[in-house]
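I opened this model to look up a few things and keep short notes on each. The entries follow in the order I checked them.

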Amino acid sequence: MLIVIEQVLDADEVRVFNDLLSAAAWVDGAPTAGSRSVAVKQNLQLDRADPVSVELGQIILRKLGQHPVFVSASMAEKIWPPVFNCYRDGGHYGTHVDSALMRLPEAGLTIRSDLSATLFLSEPEGYAGGELVIEEQYGAQAVKLAAGDMVLYPSSSLHQVTPVTQGERVCAIMWMQSAIADAAARSMLFELDQSIQSLSAGRAKDDPDVDRLIHVYHNLVRRWARV
Ligand code: NI
């Protein structure tokens, strides 16, 4: 399931991000791809240790941690620090699957990638091409979102970024390990939680039906979560 999370960053934040990123030291992104992916990856990336990458990455993680839709949809336990990349001059990333296990020895971090995320930072009318195409159970979906919006998708999916033939596409990507490894279970929990939120809005604080659904929700999490 693809989930779009709108306005992770507001317009002012997007502007600050783009000001800093336009002056940042972009480097060739191919060396960080796996041995098979390197042949299909052509983009620019910020070094993980670049101060701009560190600072903006922390802002994104803070915003995500406070975003109720993200928290509910991802049930993220561990998040790989955001990586900033830039596609221009025909830059693209051909069809690939993300690594299942990702290790960052300097941070003592290992994650199983359950979910991948792309946070768009360039307005879609500012570049041609650059769709994130995700192959799902029911066919491929092309995603190109407003600056500040993010898509969450299963890391198990095949996906690609089509060539950017005009302008520049800057985004932040990240991966996360979810407390609910099973995608179908995670998706059902998300739908249940969304329904509980909307049902409870119109009811008394101690509504017994809402309480019962919340009870079911937490007991399903208890049954399925691995932390
Ligand atoms: Ni990927």
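Entry 1, a residue pair. I looked up isoleucine 134 and found it opposite histidine 159 in strand 15. The model is predicted, so I note that local features need pLDDT of at least 70, side-chain atom pairs count only at pLDDT 80 or more, and totals for chains, interfaces and linings use all residues. Residues are numbered from 1 along each chain as its sequence is written, and side-chain values use heavy atoms, with hydrogens and water left out.

Entry 2, the strands around that pair. Strand 12 (residues 132–136) and strand 15 (residues 159–161) run antiparallel and are joined by three bridges. Two strands pair if DSSP finds at least two bridges between them. Strands are DSSP runs (E, at least two residues) and helices are runs of H or I (at least four residues), numbered from the N terminus. Both strands belong to an open sheet of five strands, in the order 3-7-15-12-13, with antiparallel pairing. Strand 3 (41–42) and strand 13 (139–143) are its edge strands, each pairing on one side only.

Which residues coordinate the nickel ion? I found His96 (NE2), Asp98 (OD) and His159 (NE2), at 2.1 to 2.2 Å. Donors are N, O and S atoms within 2.8 Å of the metal (3.2 Å for Na, K and Ca); water is not among the atoms, so sites may look incomplete. Along the chain the donors follow the spacing H-x1-D-x60-H. Histidine 96 lies in strand 7 (residues 92–96) and histidine 159 in strand 15, 63 residues apart, so the pair links distant parts of the chain.

Are the two histidines buried or exposed? Histidine 96 is buried, with a relative accessible area of 7%, and histidine 159 is buried at 3%. Buried means under 20% relative accessible area, exposed over 50%, partly exposed in between (1.4 Å probe, protein chains only).

Entry 5, the largest pocket. A pocket, on a 1 Å grid over the protein atoms alone, is an open set of points where a 1.4 Å probe fits, with protein on both sides within 12 Å along at least five of seven lines; lining residues have an atom within 4 Å of a point. The largest pocket is lined by 38 residues, and Thr32, Lys41, Tyr93, Ile173 and Trp175 lie nearest its centre. Strand 16 gives the most to this lining, with five residues. Strand 7 and strand 15 are among the strands that each supply at least two.
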